[in-house]
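Please read them beside the coordinates.

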Amino acid sequence: MTRRDALTFIGLIALLVVAMVVATAFGTGSISPLRALRIFWDTLIGANGDYPAWQRTTLVWGRLPRVLVAALVGGGLALTGAVMQAMFRNPMAEPGVLGISAGAAFGAVTALYLGGTTFSMLLGPAGAFIGALGCALLVYALASGGRGQVATTTLLLAGVAVGSIVSALTSFVLALSLREWEIGRQSLSWLMGDFEGRSWVHVALAFPLTLIGCVWLMLRGRELNVLLTGEASALALGVNVAELRRDLIVWTSLVTAATVAVVGAIGFVGLIVPHLLRLLLGPDNRRLLPAAFLGGATFLVAADMLCRVASLTELRPGVVTSLVGGPFFLYLLMGSRRA
Amino acid sequence: MRMALLELDKAWLEIGGKAIARDVSLSPAPGRFLALVGPNGSGKTTVLRLLAGLLAPTRGAARLEGRDLRRWSRREVARRVAVVPQDTHLDFAFTVREIVAMGRHAHLGRFQPEGAHDRAVIEQAMARADVFHLQRRLVTELSGGERQRVLIARSLATEALAIVLDEPTASLDVAHALEAYELCRALANEGKTIVMALHDLNAAARYADQVAVMQSGQCVAQGSPSEALSERLLGDVFGVEAEAFRSRAGWMAFVFHRSGSRAARCQG
């Protein structure tokens, strides 16, 4: 690791910490960052301070879990995006390519439609998780044709095809749901990606799988590097390509499913963050994967904060990431074409 | 005769009902440089891939150290047989050193970082393939010839006993091609098993101990360069008229004529 890489990492960690502290401090009923830090410290050591009780409630039960969910989801999506790009040797791949996002959307919308609003806090995530994994499994089974061998192009095409079929089904279920205002509203909100009212329950739902999966994927960095030089080359260098690819598909699917299940569809994080960091750090996945996690977490925490500061309830983080990420990506694309 | 490290024993490979290797038997031995020649599409690359265990024969056997290749793990094979591919295209901007270091992959545990020995091997490999001065450059910015040498360095970094090369000199200029042949000759003299597919019959005659001539998936001749590379056989296999002679330095060399055009000569 060169000095420049070390500085990049220190910068990324510092950015994430600052973003999380500021994001926790911002909101309706301003609490200064210093006050926020003191409240957290007091909560940790179990002391009481001379500040109104609502401030602690807002921070510890309202904003903190929301910020943590945003960080986990952003980190998970960016890291799985980086893994997908390495696996498909294509900088345009993202966590959704295996139909995972489409499957999650279908699962969530269907669960809400069938189950109603009573248990929506758990039904949505459960449906999304099952839908995402089901879709990934279907795509993998179709592409491998039961032979256990998968060509990446077949995998990509099967992902696109299954994704569009499932999206059509989602629209159909959504149209049915709109007959009931509340179910329709919740379904739409999920489709746009939402952090509103995310609590410690959501942190608990997303945390274990996301973290275990991310650590596991980070440890495969060197194998991913070798895979980037081509499949035949990786095989010749001693990588069991079929086994590696199966592992990667399983774990990226689990992480993506765990993250989209709690917040819904968030676009562009998995595409833009790894792409940007690859420009800074180069393609070495041993550095890129941890950096992508940190960068993705910061990006989504910031996007969520922007929504709250703008205090427009109509502005969703999923919309912000696409609005910021899309043009930025085009800018990079034009730049690389000139170069 | 020394025991073969790699061995194809009456190997066939059929893909989609079409035989692309038919009844090929080869046994490159340690300390020997085996050249694989033949027209385009004659099965040279297929034979190399069978030898390296990247493809499994549909009939017959491919063996490493006398044991069927299917019974070895990928890592075990990679530590013994290195491959220098024909296609050197790389999309991702790794540095030369990072690419060469990938040759150590099969020696390192999943979570094990490079040690002092690995670093020494990597540097030595870069020096021998003449890419040491390029080590911080990005492979995406190199010329085809430089990339080819980087992949030769990567094969050296594996410390494999056998190196299988697929037309490694296709994009090299004369001087670098000669360096590559001489490097392979030296490696063979040090006891490695070298198998190289190539089009340059003059180089095959000069540097190889053994030549195998491929035609339509079959190995039609095998032996020392002077045995295998007869004018008649080359004429049959390549569809040209071959004229063999001795160079002033005493090496066997060839010139080729399109069939029937041998007499026609530009008058200077």
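1. In chain A, 21 of the 25 residues of helix 13 are buried, so this helix is largely enclosed by the rest of the structure. A residue counts as buried if 20 or more other C-beta atoms lie within 10 Å of its own, as exposed if 12 or fewer do, and as partly exposed in between, with C-beta atoms placed from the backbone. Helices (H or I, at least four residues) and strands (E, at least two) are DSSP runs, numbered from the N terminus.

2. The model is a predicted one: local features need pLDDT of at least 70, side-chain atom pairs count only at pLDDT 80 or more, and totals for chains, interfaces and linings use all residues. Residues are numbered from 1 along each chain as its sequence is written, while chains are lettered from A and ligands numbered from 1 in the order in which they are written.

3. Helix 13 of chain A covers residues 285–309 and reaches 35 Å from its first C-alpha to its last, close to the 36 Å expected at 1.5 Å a residue. The expected span is 1.5 Å times one less than the number of residues in the helix.

4. Helix 9 and helix 13 of chain A cross at roughly 120 degrees, and their axes come within 8 Å. Axes are lines fitted to C-alpha atoms, for helices over the stretch in contact, and angles run from 0 to 180 degrees between N-to-C directions. Helix 9 of chain A contributes A:G221, A:R222, A:L224 and A:N225 to the contact, and helix 13 of chain A contributes A:N285, A:R286 and A:L289. Two residues are in contact if their C-beta atoms, placed from the backbone, lie within 7 Å.

5. Between the chains, 18 residues of chain A are in contact with 20 residues of chain B. On the chain A side, the elements that give two or more residues are helix 9 (221–228) and helix 10 (231–236). By class, that side has nine nonpolar, six polar and three charged residues. Ala, Val, Leu, Ile, Met, Phe, Trp, Tyr, Cys and Pro count as nonpolar, Asp, Glu, Lys and Arg as charged, and the others, Gly among them, as polar.

6. Chain B has an open sheet of six strands in the order 6-7-8-3-9-10, with mixed pairing. Two strands pair if DSSP finds at least two bridges between them. Strand 6 (81–84) and strand 10 (218–223) of chain B are at the edges with a single partner strand each, so one side of each has no neighbour in the sheet. From one strand to the next, the twist averages 15 degrees. Helix 6 (residues 174–189) of chain B packs on this sheet and touches strand 3, strand 7 (162–166) and strand 8 of chain B.

7. Which residues of chain B have a positive phi although they are not glycines? One is B:K10, at about 50 degrees, and another is B:E159, at about 55 degrees. B:K10 is found in strand 1 (residues 6–15) of chain B and counts as exposed. B:E159 lies in the loop between helix 5 (144–157) and strand 7 of chain B and is partly exposed, with 19 other C-beta atoms within 10 Å.

8. Chain B is divided into domain 1 (6–225) and domain 2 (230–268), with bounds that come from an automatic or database domain assignment. Their contact takes 11 residues from domain 1 of chain B and seven residues from domain 2 of chain B.
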